[in-house]
Amino acid sequence: MPSSLPPSAPLPHAAPRPHTAPDAAPTGDAPPTVPAQTQAHCGAQQQAAPHGGVRTATVGGLAPPRAPLAPEPADTLPAPPRYPRSCVTELRLSAFAGHRRARFLLGSVTLFTGASGSGKSTALRAYEALARLGGGARLAAVFADPAACVPQGARPDAQRRRGFRIGCTADGPAGPVRLDVAVQAEPELRIVGERLSAGGVVLLETALRDPGRRTVQAAWHTGGSAPVTRAPLPDDRLGTALLPLRVAGKTEGQRQVLAAAEQMVVALRSVFACDPQPDWMGVPVPTGSGRLLTGCDNLADVLWRTREECGRRHAALVAALSAGSAGPAGPVLDLRAEPLPDGTVRAVLDRAGGGRTELARLGYGELRYLALALVLLTGPGVLDVDPAGEVPAATQTLTLLADGLDRGLDVRQRAELLRLAVRMADRGHIRCVGAVSDGSWAARTDGVTVVDLGP
(Lines give C-alpha, C1' and ligand atoms only; values in the text may rest on other atoms or scores of the structure.)
Protein backbone atom coordinates (compact mmCIF):
# COMPACT_ATOMS: atom_id res chain seq x y z
CA MET A 1 0.00 0.00 0.00
CA PRO A 2 1.53 3.32 -0.99
CA SER A 3 2.97 5.36 1.78
CA SER A 4 6.01 7.48 2.41
CA LEU A 5 7.91 8.76 5.36
CA PRO A 6 6.49 12.23 5.97
CA PRO A 7 8.72 15.20 6.81
CA SER A 8 9.49 15.63 10.46
CA ALA A 9 7.22 17.88 12.47
CA PRO A 10 8.66 21.38 13.01
CA LEU A 11 10.30 22.19 16.28
CA PRO A 12 8.45 24.46 18.65
CA HIS A 13 9.44 28.15 18.52
CA ALA A 14 8.13 28.89 22.00
CA ALA A 15 7.37 26.93 25.11
CA PRO A 16 6.33 23.34 24.44
CA ARG A 17 2.68 23.27 23.62
CA PRO A 18 -0.16 20.86 24.19
CA HIS A 19 -1.39 18.84 21.24
CA THR A 20 -4.43 20.78 20.10
CA ALA A 21 -4.77 19.66 16.51
CA PRO A 22 -5.89 16.19 15.49
CA ASP A 23 -3.18 13.92 14.18
CA ALA A 24 -2.66 13.86 10.45
CA ALA A 25 -2.83 10.66 8.46
CA PRO A 26 0.33 9.44 6.72
CA THR A 27 0.94 10.70 3.24
CA GLY A 28 -0.33 8.48 0.47
CA ASP A 29 -3.48 6.43 0.45
CA ALA A 30 -5.12 5.94 3.82
CA PRO A 31 -4.44 2.37 4.95
CA PRO A 32 -7.18 0.17 6.28
CA THR A 33 -7.57 -0.37 9.99
CA VAL A 34 -5.82 -3.30 11.58
CA PRO A 35 -8.15 -6.34 11.81
CA ALA A 36 -7.37 -7.00 15.43
CA GLN A 37 -9.30 -7.43 18.61
CA THR A 38 -8.03 -7.46 22.16
CA GLN A 39 -9.71 -9.17 25.05
CA ALA A 40 -8.61 -8.18 28.54
CA HIS A 41 -9.46 -10.83 31.08
CA CYS A 42 -9.32 -9.28 34.55
CA GLY A 43 -12.04 -11.41 36.08
CA ALA A 44 -15.09 -13.42 35.12
CA GLN A 45 -16.64 -10.51 33.24
CA GLN A 46 -14.93 -9.36 30.05
CA GLN A 47 -13.85 -5.73 30.22
CA ALA A 48 -14.88 -3.44 27.39
CA ALA A 49 -12.77 -0.76 25.77
CA PRO A 50 -10.74 1.21 26.74
CA HIS A 51 -9.31 -1.64 28.82
CA GLY A 52 -9.59 -4.34 26.18
CA GLY A 53 -10.17 -3.15 22.63
CA VAL A 54 -7.32 -2.76 20.19
CA ARG A 55 -7.60 0.75 18.83
CA THR A 56 -6.61 2.14 15.49
CA ALA A 57 -4.89 5.49 15.98
CA THR A 58 -4.39 7.98 13.19
CA VAL A 59 -0.73 8.76 13.72
CA GLY A 60 1.12 10.67 11.05
CA GLY A 61 4.68 11.95 11.03
CA LEU A 62 5.78 12.30 14.61
CA ALA A 63 2.62 13.79 16.06
CA PRO A 64 1.40 11.33 18.73
CA PRO A 65 -2.26 11.10 19.73
CA ARG A 66 -3.31 13.37 22.58
CA ALA A 67 -2.41 11.73 25.86
CA PRO A 68 -3.14 12.43 29.49
CA LEU A 69 -0.53 12.43 30.88
CA ALA A 70 15.00 -6.50 45.51
CA PRO A 71 14.30 -8.61 47.96
CA GLU A 72 12.23 -11.63 47.08
CA PRO A 73 8.58 -10.89 47.95
CA ALA A 74 6.54 -13.32 49.98
CA ASP A 75 3.33 -14.81 48.66
CA THR A 76 1.39 -13.29 51.56
CA LEU A 77 2.22 -9.69 50.60
CA PRO A 78 -0.71 -7.61 49.30
CA ALA A 79 -0.92 -6.77 45.62
CA PRO A 80 1.22 -3.74 44.73
CA PRO A 81 -0.51 -0.48 43.74
CA ARG A 82 -1.07 0.22 40.06
CA TYR A 83 2.16 1.06 38.23
CA PRO A 84 4.41 1.80 41.23
CA ARG A 85 7.26 0.89 38.88
CA SER A 86 8.05 1.99 35.35
CA CYS A 87 6.61 -0.33 32.71
CA VAL A 88 5.43 -0.20 29.10
CA THR A 89 1.62 -0.18 28.94
CA GLU A 90 1.05 0.52 25.26
CA LEU A 91 2.79 -0.35 21.99
CA ARG A 92 2.10 1.70 18.87
CA LEU A 93 3.04 0.57 15.36
CA SER A 94 2.02 3.53 13.22
CA ALA A 95 3.80 2.14 10.17
CA PHE A 96 5.96 -0.92 10.78
CA ALA A 97 6.21 -3.94 8.47
CA GLY A 98 2.67 -5.37 8.21
CA HIS A 99 1.16 -3.09 10.86
CA ARG A 100 -0.40 0.29 10.11
CA ARG A 101 -2.00 2.60 12.68
CA ALA A 102 -1.98 -0.19 15.27
CA ARG A 103 -2.23 0.40 19.00
CA PHE A 104 -1.92 -2.44 21.50
CA LEU A 105 -2.68 -2.05 25.20
CA LEU A 106 -0.38 -4.23 27.32
CA GLY A 107 -1.30 -5.77 30.66
CA SER A 108 0.95 -7.45 33.18
CA VAL A 109 0.63 -10.67 31.16
CA THR A 110 -0.16 -10.14 27.47
CA LEU A 111 -0.43 -12.79 24.78
CA PHE A 112 -0.51 -11.94 21.07
CA THR A 113 -2.37 -14.55 19.06
CA GLY A 114 -3.45 -14.98 15.48
CA ALA A 115 -2.80 -16.92 12.32
CA SER A 116 0.64 -17.24 10.79
CA GLY A 117 1.55 -13.95 9.17
CA SER A 118 -0.84 -11.88 11.29
CA GLY A 119 2.03 -9.90 12.84
CA LYS A 120 2.56 -11.48 16.27
CA SER A 121 6.32 -11.74 15.94
CA THR A 122 6.48 -8.32 14.29
CA ALA A 123 4.88 -6.69 17.32
CA LEU A 124 7.37 -8.32 19.66
CA ARG A 125 10.23 -7.39 17.36
CA ALA A 126 9.18 -3.73 17.50
CA TYR A 127 8.98 -3.89 21.31
CA GLU A 128 12.46 -5.39 21.50
CA ALA A 129 13.80 -2.73 19.12
CA LEU A 130 12.45 0.06 21.33
CA ALA A 131 13.97 -1.67 24.36
CA ARG A 132 17.40 -1.82 22.77
CA LEU A 133 17.21 1.80 21.65
CA GLY A 134 16.21 2.78 25.17
CA GLY A 135 19.32 1.02 26.41
CA GLY A 136 21.51 3.22 24.21
CA ALA A 137 22.13 0.84 21.30
CA ARG A 138 22.95 2.33 17.92
CA LEU A 139 20.35 2.19 15.18
CA ALA A 140 22.36 -0.11 12.89
CA ALA A 141 22.80 -2.64 15.69
CA VAL A 142 19.05 -2.73 16.35
CA PHE A 143 17.80 -2.88 12.75
CA ALA A 144 20.03 -5.24 10.78
CA ASP A 145 17.53 -5.24 7.89
CA PRO A 146 15.72 -1.89 8.09
CA ALA A 147 14.08 -2.28 4.68
CA ALA A 148 12.08 -5.21 6.07
CA CYS A 149 10.52 -2.85 8.62
CA VAL A 150 9.11 -0.52 5.95
CA PRO A 151 5.44 -1.24 5.12
CA GLN A 152 5.20 -3.26 1.93
CA GLY A 153 4.43 -1.11 -1.10
CA ALA A 154 5.44 2.14 0.59
CA ARG A 155 6.47 4.71 -2.01
CA PRO A 156 9.45 7.03 -1.41
CA ASP A 157 8.77 10.72 -0.84
CA ALA A 158 10.22 13.61 -2.84
CA GLN A 159 13.59 13.11 -1.11
CA ARG A 160 13.53 9.40 -2.02
CA ARG A 161 13.07 8.48 1.63
CA ARG A 162 11.22 5.48 2.99
CA GLY A 163 10.92 4.50 6.61
CA PHE A 164 8.77 3.39 9.50
CA ARG A 165 7.29 4.73 12.75
CA ILE A 166 6.99 3.04 16.13
CA GLY A 167 6.25 4.21 19.65
CA CYS A 168 5.12 3.26 23.13
CA THR A 169 3.74 4.58 26.40
CA ALA A 170 5.50 3.99 29.71
CA ASP A 171 3.53 4.41 32.91
CA GLY A 172 4.98 4.82 36.36
CA PRO A 173 5.57 7.37 39.12
CA ALA A 174 5.69 10.24 36.59
CA GLY A 175 2.38 9.22 34.99
CA PRO A 176 1.91 8.12 31.36
CA VAL A 177 4.83 9.17 29.13
CA ARG A 178 4.66 8.78 25.35
CA LEU A 179 7.51 8.18 22.93
CA ASP A 180 7.19 8.22 19.13
CA VAL A 181 10.09 7.67 16.74
CA ALA A 182 10.32 8.05 12.95
CA VAL A 183 13.16 6.09 11.36
CA GLN A 184 14.41 6.57 7.82
CA ALA A 185 15.40 3.22 6.33
CA GLU A 186 16.33 4.43 2.84
CA PRO A 187 18.54 5.82 1.44
CA GLU A 188 20.38 5.93 4.80
CA LEU A 189 19.37 4.48 8.14
CA ARG A 190 18.83 7.32 10.60
CA ILE A 191 16.36 8.70 13.12
CA VAL A 192 14.63 11.64 11.44
CA GLY A 193 12.29 12.59 14.25
CA GLU A 194 11.47 11.78 17.85
CA ARG A 195 8.91 13.10 20.28
CA LEU A 196 8.64 12.57 24.04
CA SER A 197 5.51 13.95 25.68
CA ALA A 198 3.61 13.79 28.95
CA GLY A 199 0.38 15.43 30.03
CA GLY A 200 -0.19 16.68 26.48
CA VAL A 201 3.05 18.71 26.58
CA VAL A 202 5.96 18.02 24.23
CA LEU A 203 9.06 17.56 26.39
CA LEU A 204 11.51 16.61 23.64
CA GLU A 205 11.20 17.00 19.90
CA THR A 206 13.84 16.31 17.27
CA ALA A 207 13.84 16.82 13.52
CA LEU A 208 16.27 16.24 10.66
CA ARG A 209 17.16 19.72 9.36
CA ASP A 210 20.26 19.11 7.28
CA PRO A 211 20.46 15.71 5.54
CA GLY A 212 24.16 16.31 4.98
CA ARG A 213 24.91 16.15 8.70
CA ARG A 214 24.65 13.07 10.90
CA THR A 215 22.69 14.98 13.54
CA VAL A 216 19.13 16.01 14.27
CA GLN A 217 18.09 19.33 15.78
CA ALA A 218 16.61 18.77 19.22
CA ALA A 219 14.57 21.03 21.49
CA TRP A 220 13.60 20.12 25.02
CA HIS A 221 11.45 21.80 27.62
CA THR A 222 13.25 24.23 29.95
CA GLY A 223 10.50 26.22 31.61
CA GLY A 224 12.84 28.99 32.73
CA SER A 225 13.77 32.30 31.08
CA ALA A 226 14.27 30.31 27.87
CA PRO A 227 11.21 28.14 27.14
CA VAL A 228 13.23 25.49 25.25
CA THR A 229 16.84 24.43 24.93
CA ARG A 230 18.14 23.58 21.46
CA ALA A 231 21.13 21.41 20.62
CA PRO A 232 22.17 18.82 18.01
CA LEU A 233 21.89 15.13 18.86
CA PRO A 234 23.24 12.14 16.91
CA ASP A 235 20.85 10.65 14.36
CA ASP A 236 21.72 7.05 15.16
CA ARG A 237 20.69 6.96 18.82
CA LEU A 238 17.50 7.59 20.74
CA GLY A 239 17.51 11.14 22.02
CA THR A 240 15.41 10.22 25.05
CA ALA A 241 18.18 7.91 26.29
CA LEU A 242 20.69 10.78 26.00
CA LEU A 243 18.65 13.39 27.87
CA PRO A 244 19.82 12.43 31.39
CA LEU A 245 23.35 13.31 30.22
CA ARG A 246 22.32 16.63 28.66
CA VAL A 247 19.71 18.15 30.98
CA ALA A 248 20.91 19.81 34.16
CA GLY A 249 17.62 19.70 36.07
CA LYS A 250 17.88 23.28 37.36
CA THR A 251 14.32 24.34 36.52
CA GLU A 252 10.98 22.67 37.15
CA GLY A 253 10.60 22.16 33.41
CA GLN A 254 13.97 20.43 33.16
CA ARG A 255 13.11 18.21 36.09
CA GLN A 256 9.88 17.24 34.34
CA VAL A 257 11.89 16.31 31.24
CA LEU A 258 14.33 14.25 33.30
CA ALA A 259 11.56 12.41 35.17
CA ALA A 260 9.79 11.51 31.92
CA ALA A 261 12.98 10.46 30.13
CA GLU A 262 14.24 8.36 33.03
CA GLN A 263 10.87 6.63 33.40
CA MET A 264 10.83 5.75 29.70
CA VAL A 265 14.43 4.52 29.72
CA VAL A 266 13.94 2.42 32.85
CA ALA A 267 10.79 0.83 31.39
CA LEU A 268 12.53 -0.02 28.12
CA ARG A 269 15.86 -1.22 29.47
CA SER A 270 14.34 -3.82 31.81
CA VAL A 271 13.42 -6.22 28.97
CA PHE A 272 14.65 -9.79 28.50
CA ALA A 273 13.90 -11.35 25.13
CA CYS A 274 14.02 -15.11 25.61
CA ASP A 275 13.89 -17.90 23.03
CA PRO A 276 15.06 -21.15 24.69
CA GLN A 277 17.02 -23.51 22.44
CA PRO A 278 16.50 -27.04 23.80
CA ASP A 279 19.16 -28.56 21.52
CA TRP A 280 21.86 -26.77 23.51
CA MET A 281 20.38 -26.67 27.00
CA GLY A 282 21.48 -30.18 27.95
CA VAL A 283 25.08 -29.76 26.80
CA PRO A 284 27.74 -29.42 29.55
CA VAL A 285 29.07 -25.86 29.76
CA PRO A 286 31.98 -24.18 31.53
CA THR A 287 31.19 -22.11 34.57
CA GLY A 288 30.98 -18.42 33.85
CA SER A 289 29.02 -15.38 34.96
CA GLY A 290 25.95 -17.39 35.91
CA ARG A 291 23.73 -15.00 33.92
CA LEU A 292 21.17 -16.67 31.69
CA LEU A 293 21.56 -15.98 27.97
CA THR A 294 18.58 -15.38 25.70
CA GLY A 295 18.87 -18.88 24.22
CA CYS A 296 19.22 -20.47 27.70
CA ASP A 297 22.06 -22.66 26.41
CA ASN A 298 24.08 -21.94 29.59
CA LEU A 299 21.30 -23.20 31.85
CA ALA A 300 23.59 -25.56 33.78
CA ASP A 301 25.92 -22.69 34.68
CA VAL A 302 22.98 -20.64 35.95
CA LEU A 303 21.72 -23.53 38.09
CA TRP A 304 25.21 -23.98 39.52
CA ARG A 305 24.87 -20.46 40.91
CA THR A 306 21.19 -20.03 41.75
CA ARG A 307 20.65 -23.30 43.61
CA GLU A 308 22.83 -22.00 46.44
CA GLU A 309 22.10 -18.26 46.21
CA CYS A 310 18.31 -18.32 45.70
CA GLY A 311 17.05 -21.24 47.76
CA ARG A 312 13.39 -20.21 47.87
CA ARG A 313 13.14 -19.48 44.18
CA HIS A 314 15.01 -22.65 43.33
CA ALA A 315 12.49 -24.61 45.37
CA ALA A 316 9.69 -22.84 43.48
CA LEU A 317 11.38 -23.79 40.19
CA VAL A 318 11.56 -27.45 41.21
CA ALA A 319 7.87 -27.35 42.18
CA ALA A 320 6.95 -25.78 38.84
CA LEU A 321 9.00 -28.37 36.96
CA SER A 322 7.33 -31.19 38.86
CA ALA A 323 3.88 -29.72 38.13
CA GLY A 324 4.66 -29.57 34.41
CA SER A 325 6.15 -33.07 34.15
CA ALA A 326 4.06 -36.17 33.79
CA GLY A 327 6.57 -38.72 32.54
CA PRO A 328 7.00 -42.30 33.74
CA ALA A 329 10.32 -41.52 35.45
CA GLY A 330 8.65 -40.22 38.60
CA PRO A 331 8.21 -36.85 40.34
CA VAL A 332 11.05 -34.33 40.32
CA LEU A 333 12.66 -33.81 43.73
CA ASP A 334 15.53 -31.49 42.79
CA LEU A 335 17.25 -29.81 39.87
CA ARG A 336 20.97 -29.26 40.17
CA ALA A 337 24.20 -28.80 38.30
CA GLU A 338 27.00 -31.32 38.83
CA PRO A 339 30.68 -30.75 37.98
CA LEU A 340 32.44 -32.95 35.43
CA PRO A 341 36.13 -33.92 35.34
CA ASP A 342 36.85 -31.58 32.42
CA GLY A 343 35.78 -28.54 34.44
CA THR A 344 32.34 -28.16 32.92
CA VAL A 345 28.96 -28.58 34.62
CA ARG A 346 25.79 -30.32 33.48
CA ALA A 347 22.25 -30.15 34.77
CA VAL A 348 20.48 -33.21 36.18
CA LEU A 349 17.12 -33.98 37.77
CA ASP A 350 16.84 -35.96 40.99
CA ARG A 351 13.68 -38.05 41.02
CA ALA A 352 11.71 -39.93 43.60
CA GLY A 353 13.14 -43.36 44.34
CA GLY A 354 16.75 -42.26 43.92
CA GLY A 355 16.74 -42.03 40.14
CA ARG A 356 18.18 -39.13 38.20
CA THR A 357 17.85 -37.83 34.67
CA GLU A 358 20.32 -35.75 32.70
CA LEU A 359 18.76 -32.65 31.23
CA ALA A 360 19.80 -33.77 27.75
CA ARG A 361 17.30 -36.65 28.03
CA LEU A 362 14.30 -34.38 28.50
CA GLY A 363 11.94 -33.62 25.66
CA TYR A 364 11.81 -30.41 23.64
CA GLY A 365 8.75 -29.07 25.44
CA GLU A 366 10.07 -30.00 28.89
CA LEU A 367 13.24 -28.02 28.31
CA ARG A 368 11.44 -24.94 27.00
CA TYR A 369 9.04 -25.09 29.92
CA LEU A 370 11.95 -25.35 32.38
CA ALA A 371 13.81 -22.40 30.84
CA LEU A 372 10.79 -20.09 30.75
CA ALA A 373 9.85 -21.00 34.33
CA LEU A 374 13.39 -20.17 35.42
CA VAL A 375 13.14 -16.73 33.79
CA LEU A 376 9.82 -16.00 35.51
CA LEU A 377 11.23 -16.97 38.90
CA THR A 378 14.56 -15.13 38.74
CA GLY A 379 15.44 -11.48 38.12
CA PRO A 380 17.87 -9.01 36.54
CA GLY A 381 20.73 -10.31 38.68
CA VAL A 382 20.43 -13.71 37.03
CA LEU A 383 19.31 -12.81 33.51
CA ASP A 384 21.59 -11.30 30.88
CA VAL A 385 19.96 -7.86 30.92
CA ASP A 386 21.34 -4.39 31.59
CA PRO A 387 18.85 -2.58 33.84
CA ALA A 388 19.37 1.02 34.88
CA GLY A 389 21.95 0.67 37.65
CA GLU A 390 21.50 4.23 38.88
CA VAL A 391 17.79 3.66 39.61
CA PRO A 392 16.65 1.67 42.69
CA ALA A 393 15.53 -1.85 41.85
CA ALA A 394 12.24 -1.16 43.64
CA THR A 395 11.24 1.19 40.80
CA GLN A 396 12.02 -1.30 38.01
CA THR A 397 9.98 -4.17 36.64
CA LEU A 398 11.50 -6.80 34.38
CA THR A 399 9.56 -7.72 31.24
CA LEU A 400 9.90 -11.10 29.55
CA LEU A 401 9.45 -11.09 25.75
CA ALA A 402 8.82 -14.59 24.44
CA ASP A 403 7.95 -15.27 20.82
CA GLY A 404 6.37 -18.70 20.48
CA LEU A 405 5.68 -18.90 24.19
CA ASP A 406 3.66 -22.11 23.79
CA ARG A 407 5.95 -23.74 21.23
CA GLY A 408 6.45 -27.40 22.08
CA LEU A 409 4.44 -27.23 25.31
CA ASP A 410 1.62 -29.64 26.08
CA VAL A 411 -1.68 -28.59 27.62
CA ARG A 412 -0.49 -29.03 31.20
CA GLN A 413 2.80 -27.20 30.68
CA ARG A 414 1.33 -24.13 29.01
CA ALA A 415 -1.39 -23.84 31.67
CA GLU A 416 1.15 -24.14 34.52
CA LEU A 417 3.47 -21.64 32.84
CA LEU A 418 0.67 -19.13 32.42
CA ARG A 419 -0.39 -19.48 36.04
CA LEU A 420 3.20 -18.93 37.11
CA ALA A 421 3.46 -15.81 34.93
CA VAL A 422 0.27 -14.36 36.44
CA ARG A 423 1.38 -15.14 39.98
CA MET A 424 4.77 -13.49 39.54
CA ALA A 425 3.20 -10.49 37.79
CA ASP A 426 0.73 -10.05 40.67
CA ARG A 427 3.67 -9.87 43.03
CA GLY A 428 5.19 -7.08 40.94
CA HIS A 429 8.17 -9.26 40.06
CA ILE A 430 7.96 -9.53 36.27
CA ARG A 431 5.67 -8.73 33.35
CA CYS A 432 5.28 -11.02 30.36
CA VAL A 433 4.55 -10.30 26.70
CA GLY A 434 4.41 -13.37 24.49
CA ALA A 435 3.16 -14.66 21.16
CA VAL A 436 1.16 -17.89 20.92
CA SER A 437 -0.38 -19.72 18.00
CA ASP A 438 -3.75 -20.08 19.72
CA GLY A 439 -4.90 -17.96 22.63
CA SER A 440 -8.24 -19.62 23.31
CA TRP A 441 -6.75 -21.71 26.12
CA ALA A 442 -5.61 -18.52 27.91
CA ALA A 443 -8.74 -16.43 27.37
CA ARG A 444 -10.39 -17.56 30.59
CA THR A 445 -7.38 -16.96 32.83
CA ASP A 446 -7.72 -14.02 35.19
CA GLY A 447 -5.03 -11.37 34.76
CA VAL A 448 -4.21 -12.25 31.15
CA THR A 449 -4.74 -9.88 28.21
CA VAL A 450 -5.20 -11.67 24.90
CA VAL A 451 -4.56 -9.62 21.76
CA ASP A 452 -6.19 -11.42 18.85
CA LEU A 453 -4.71 -10.28 15.52
CA GLY A 454 -7.27 -12.28 13.58
CA PRO A 455 -6.95 -14.70 10.68
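**Exercise 1. Determine how helices α3 and α4 are placed relative to each other.**

Step 1. The axes of helix α3 (residues 239-246) and α4 come within 9 Å and cross at roughly 130 degrees. Axes are lines fitted to C-alpha atoms, for helices over the stretch in contact, with angles running from 0 to 180 degrees between N-to-C directions. Helices (H or I, at least four residues) and strands (E, at least two) are DSSP runs, numbered from the N terminus.

Step 2. Angles under 35 degrees count as roughly parallel, over 145 as roughly antiparallel, 65 to 115 as roughly perpendicular and the rest as oblique. The two helices α3 and α4 are therefore oblique to each other.

Step 3. The crossing of α3 and α4 is left-handed, a term used if the near helix is turned anticlockwise from the far one by less than a right angle, with right-handed used if clockwise.

Step 4. On α3 the contact involves Thr-240, Ala-241, Leu-243 and Pro-244, and on α4 it involves Val-257, Leu-258, Ala-261, Glu-262, Met-264 and Val-265. Contact means heavy atoms within 4.5 Å.

The model is predicted: local features need pLDDT of at least 70 and side-chain atom pairs count only at pLDDT 80 or more, while totals for chains, interfaces and linings use all residues. Residues are numbered from 1 along each chain as its sequence is written, and side-chain values use heavy atoms, with hydrogens and water left out.

**Exercise 2. Describe the crossing of helices α1 and α4.**

Step 1. Helix α1 (residues 120-134) and helix α4 (residues 252-269) have axes that come within 8 Å and cross at roughly 125 degrees. This makes α1 oblique to α4.

Step 2. The crossing of α1 and α4 is left-handed. Its contact is made by Leu-130, Ala-131 and Gly-134 of α1 together with Val-265, Leu-268 and Arg-269 of α4.

**Exercise 3. Trace the pairing of strand β9 with β8 and β10.**

Step 1. Of the 7 residues of strand β9 (residues 201-207), 6 are buried.

Step 2. Strand β8 (residues 190-198) runs antiparallel to β9, with 6 bridges between them.

Step 3. β8 and β9 form a hairpin with 2 residues between them, and Gly-199 in the turn has a positive phi of about 60 degrees.

Step 4. β9 pairs with strand β10 (residues 215-221) in the antiparallel sense over 4 bridges. Here Glu-205 has Ala-219 in β10 as its bridge partner.

**Exercise 4. Locate Gly-117 and decide whether it is buried or exposed.**

Step 1. Gly-117 lies in the loop between β5 (109-113) and α1.

Step 2. Its relative accessible area is 79%, so Gly-117 is exposed.

Definitions and conventions: Buried means under 20% relative accessible area, exposed over 50%, partly exposed in between (1.4 Å probe, protein chains only). Two strands pair if DSSP finds at least two bridges between them.
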